Amino acid sequence: MSELRLRPAARALVVQEADRVLLVRHGSGPTAIWVTPGGGVEQGESDEEALRRELYEETGLEDFRLGPLVWIRTAHVPLGGGRWDGEVERIYLVRAPRFEPAPRIPWARLRAEGLTAMRWWELEELEGSGALFAPRSLPMLVRELIRHGPPAEPLEVGF
């Protein structure tokens with residue numbers, strides 16, 4: 001049996017004042033899924049370098065301090081036209097000043113990568129939404145992080 005080809009990825013749980021969380025949507029319709037912004041870590045790139053690039057490209061966010069690694073998630077979903085069998089996501093806490101997301105790359109390119117929307121969510125919206133999230137337990141994880149702060153060690157959050 002061959003080994004799974006898992007892409008390394010860095011994602012950010014971007015939290016703004018009033019504990020609003022920025023999420024991006026991949027896909028549309030009933031299968032659309034809301035995830036934290038970020039993406040693949042390129043060869044020779046650190047997680048922080050990847051996050052700075054991805055957050056700038058996807059949301060326009062430049063001015064932030066990278067917080068701790070809070071969650072790790074392995075997703076077994078084919079990516080890159082079959083090049084990858086999934087990815088291992090390292091999700092960092094990023095506290096950001098109030099800003100309106102404004103992608104620095106064209107929406108046509110973002111849509112080609114599957115990103116179809118982005119928005120701020122309040123905790124009550126996350127918990128009351130019928131939307132799909134990745135990880136599935138995102139609303140509960142966000143509540144725990146807001147109430148108790150980052151975990152001492154990163155949590156393996158599953159699918």
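## Ground rules

Since the model is predicted, local features need pLDDT of at least 70 and side-chain atom pairs count only at pLDDT 80 or more, while totals for chains, interfaces and linings use all residues. Residues are numbered from 1 along each chain as its sequence is written, and side-chain values use heavy atoms, with hydrogens and water left out.

## Overall fold

The protein chain holds four helices and nine strands; these are DSSP runs numbered from the N terminus, with H or I over at least four residues for helices and E over at least two for strands. Starting at the N terminus, the order is β-β-β-β-α-β-β-α-β-α-β-α-β. The radius of gyration is 15 Å, close to the 15 Å from the globule rule for 159 residues, so the chain is as compact as a globular protein of that length. Here the radius is taken over C-alpha atoms, and the rule is 2.2 Å times the number of residues to the power 0.38.

Along the principal axes, the C-alpha atoms fill a box of roughly 45 × 35 × 35 Å. Of the 159 residues, 43% count as buried, meaning under 20% relative accessible area with a 1.4 Å probe and protein chains only, whereas exposed means over 50% and partly exposed lies in between. Among contacts (heavy atoms within 4.5 Å) between residues at least 6 apart in sequence, 66% join residues at least 24 apart.

## Two nonpolar cores

A nonpolar core is a set of buried Ala, Val, Leu, Ile, Met, Phe, Trp, Tyr and Cys residues joined through side-chain atoms within 4.5 Å. The largest one has 19 residues, and Leu13, Leu23, Trp71, Leu126, Phe133, Leu138 and Val142 touch the most other members. At least two residues each come from strands S1 (6-16), S2 (20-26), S5 (65-75), S6 (86-95) and S7 (115-121), and from helices H3 (123-128) and H4 (138-148). H4 gives the largest share, four residues. A second, separate core of 17 residues includes Ala50, Leu61, Tyr92 and Ala96.

## Helix H4

The buried residues of H4 are Leu138, Pro139, Leu141, Val142 and Leu145. They lie on the same side of H4, because they cover an arc of only 165° around the axis, judged by the directions from the helix axis to the C-beta atoms. On the face turned away from this buried side sit the exposed residues Arg147 and His148. After H4 comes glycine 149, with a positive phi near 80°.

## Strand S2 and its partners

Five of the seven residues of S2 are buried. S2 is antiparallel to S1 over three bridges, to S7 over six bridges and to S3 (residues 33-35) over three bridges; pairing requires that DSSP finds at least two bridges between two strands. Leucine 22 is the bridge partner of valine 14, leucine 23 stands opposite arginine 119 in S7, and valine 24 stands opposite valine 35 in S3. Two hairpins carry positive phi values: alanine 18, near 65°, in the one joining S1 and S2, and glycine 27, about 85°, in the turn between S2 and S3.

Leaving out residues up to four places away in sequence, leucine 23 touches, among others, Trp34, Thr36, Leu126, Phe133 and Leu138. Threonine 36 lies in the loop between S3 and strand S4 (38-40), and it counts as buried because its relative accessibility is 2%.
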